[in-house]
Amino acid sequence: MNNKEHFSQQSQMPLSAADLFAWHKRPGAFERLSPPWVDMKVLERTGGIEEGARVVLEIKQGPVALRWTLEHTDFEDGHQFKDYQVSGPFVSWVQLHACEPIDDNSSFLKDLVTYELPLHMVSRAFGVPMIQHELRRLFRYRHRLMLKDCESVRRYSNLPFGLDGVPRKRVLVTGSTGLVGRHLVPFLWTQNCEVVRLKRPTSDHSEVVRTFPNPEPVAIWEPSSGFMESSVLENIDCVVHLSGDNLARGRWDEAKKERLRESRMSSTRLLVETILNMKNRPSAFLGASAIGFYGNRDEQLVDETKQVGSGFLAHLCEEWESITEPLKQAGVRVVNLRIGVVLSPRGGALGAMLPIFQAGGGGPIGSGNQYLSWISPDDLSNGIFHCIVTDSVSGPVNLVAPNPVRNKIFAETLAHVLFRPAFMPLPAFAARAIFGEFADEALLSGARVLPKKLVDSGYIFRDPDLETALRSQLGA
């Protein structure tokens, strides 16, 4: 008796079959295609997608962690490969990835999954519908992401080096395991950039498992003591500096505020001084900042021409950005990335809100009238890449979607996407009791920030409206 189940998905992509397959061969492709609503980690990898290469995954569902080992088989360069389960949660699992040509500029991406569940007589009634539903979520997300990434490849195809050949850029990234870095690094890999991670000795190195074909380049630094393996900056085209203590983690007391300041100032100062002492400097330096620079702006429309606001966070951002001034004077193109609220279920504000909203206890914060300027992880990564490769972009750049919303609209939209109510507001006094000064600076105040420089430089948003962004990130 044949107990195997099948699932298939096919989408047209704006790349040739050869270029589409080349995208899948890039390091980072697997991470790019991993759904953000699933807690999944690559534990081990040998090779890429060629015959016999393996990947070991850990998938967490609440307190349960599943280990899944897959091997790549039936590799035909430019056409197809398969994922075959060696061990894991299924009785059997085989997934075919195929790139079928349409013409010189387009192709079909085809995914066909054949699987068998354990305890089949029971799981046919209960497990199969659930698995089919999850596969529909997964492949809708993957194919939409692939479509957008293919469009990005085409959009920047006039730049040197595409998917094949010499790497387009060699990029040094700090804070690569933080919320922004975890999304950015795989995206840069798939855009044919070589990434060098700059990490502290105490950082989690478990993500550094890639062999494409050599181990991923990693260098050590310790900003608090002024130590850095400065040789790593040789032959770097661009530095993307994302490192800094988490703003939203922990109550803001004086000790927390000092950690926030010191983690940003010491690391930025060390990078700037090191670059200034180099003979061959990187051509660009992109340093993370935040839209907290503008402070509370109520109804005002805010672009990059607005002056610094008031409050601890505004002055923190101002001081943070000012440290890069000597680089500008030395001829390095400096971009200050003023990042909005990143809508990722993997962490940050959305990650913290999700359990509350999923339990039906969500609602607006305070009056709900304050503006929330947000950005999807995909637009954040693509926007940073746009700033890396667009030489005309410099100075402050607002990394936010073009449609900021009031906090109450955000709560209603998130609840709608999750099919939950949104009638449990968090009063201002309760927010202050829980978060302290952070509540006044980041939760109960807001700014209606616009991405003027990005738009003027030709950037096209993937997720310009809130509901689209949330549905993509949550697989809804």
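This is a predicted model: local features need pLDDT of at least 70, side-chain atom pairs count only at pLDDT 80 or more; totals for chains, interfaces and linings use all residues.
Colleague: Which residue is the bridge partner of C238 in β13?

Modeller: Start with the strands: β12 and β13 pair in the parallel sense, over 4 bridges. In β13, C238 has as its bridge partner A284.

Colleague: In what order do the strands of that open sheet of 8 come?

Modeller: The pairing in this sheet is mixed. At the edges stand β11 (227–228) and β19 (395–399); each has a single partner strand, so one side of each is left without a neighbour in the sheet. The order is β11-β10-β9-β8-β12-β13-β15-β19.

Colleague: And what is the bridge partner of E222 in β11?

Modeller: Strand β10 (residues 218–222) pairs with β11 in the antiparallel sense, over 2 bridges. For E222, the bridge partner in β11 is F227.

Colleague: Which strands does helix α7 touch where it packs on the sheet?

Modeller: First, another helix: α5 (residues 179–190) lies across β8 (170–174), β9 (194–199) and β12 (238–241), running at about 155 degrees to β9. Helix α7 (residues 312–322) makes about 170 degrees with the direction of β13.

Colleague: Which residues touch the most other members of the largest nonpolar core?

Modeller: That core has 75 residues. I388, for instance, is in contact with K169, V171, L188, C238, V240, L286 and R333, leaving aside neighbours within four places in sequence. Another core, of 19 residues, lies apart from it and has L343, L372, A415 and V417 among its members. Back in the largest core, the residues touching the most other members are L172, L188, V240, L286, I384 and I388.

Colleague: Now the open sheet of 7 strands: which are its edge strands?

Modeller: Its order is β1-β7-β6-β5-β4-β3-β2, with antiparallel pairing. Neighbouring strands here are turned by 20 degrees against each other on average, direction ignored. The strands that pair on one side only are β1 and β2 (39–46).

Colleague: Which residue is the bridge partner of L70 in β5?

Modeller: Strands β4 (residues 64–76) and β5 (residues 80–87) run antiparallel and are joined by 6 bridges. In β5, L70 has as its bridge partner Q85.

Colleague: Moving to the rings, why do F7 and F139 count as stacked or tilted?

Modeller: The structure holds 13 aromatic pairs. In this one the ring centres of F7 and F139 are 5.6 Å apart and the planes are at 25 degrees, and planes under 30 degrees apart count as stacked. The pair links strand β1 (residues 5–13) to helix α4 (residues 127–155), 132 residues apart. So the word for F7 and F139 is stacked.

Colleague: And are W93 and Y115 buried or exposed?

Modeller: Their rings form a tilted pair, 6.3 Å centre to centre with 35 degrees between the planes. W93 is in strand β6 (residues 92–103) and Y115 in strand β7 (residues 106–116), 22 residues apart. Ring pairs also link W93 and Y115 with W68 and F90 into a cluster. As for W93 and Y115, both are buried.

Colleague: Over which ring does the charged end of R338 sit?

Modeller: There's a lysine case as well: K257 lies over the face of F312, 5.2 Å from the ring centre. The charged end of R338 is 3.6 Å from the centre of its ring, and that ring belongs to F293.

Colleague: Last one: which residues of helix α15 are buried?

Modeller: The buried residues of α15 pack against several elements, including α4, α9 (348–358) and α11 (407–418). Just after α15, G475 takes a positive phi of about 65 degrees. Within α15 (residues 466–474), the buried ones are L466, A469, L470, S472, Q473 and L474.

Methods. Residues are numbered from 1 along each chain as its sequence is written. Side-chain values use heavy atoms; hydrogens and water are left out. Rings of Phe, Tyr and Trp (its six-membered ring) pair if their centres lie within 6.5 Å; planes under 30 degrees apart count as stacked, over 60 as edge-to-face and the rest as tilted. Buried means under 20% relative accessible area, exposed over 50%, partly exposed in between (1.4 Å probe, protein chains only). A charge sits over a ring if NZ of Lys or CZ of Arg is within 6 Å of the ring centre and within 35 degrees of the ring normal. Two strands pair if DSSP finds at least two bridges between them. Contact means heavy atoms within 4.5 Å. Axes are lines fitted to C-alpha atoms, for helices over the stretch in contact, and angles run from 0 to 180 degrees between N-to-C directions. A nonpolar core is a set of buried Ala, Val, Leu, Ile, Met, Phe, Trp, Tyr and Cys residues joined through side-chain atoms within 4.5 Å.
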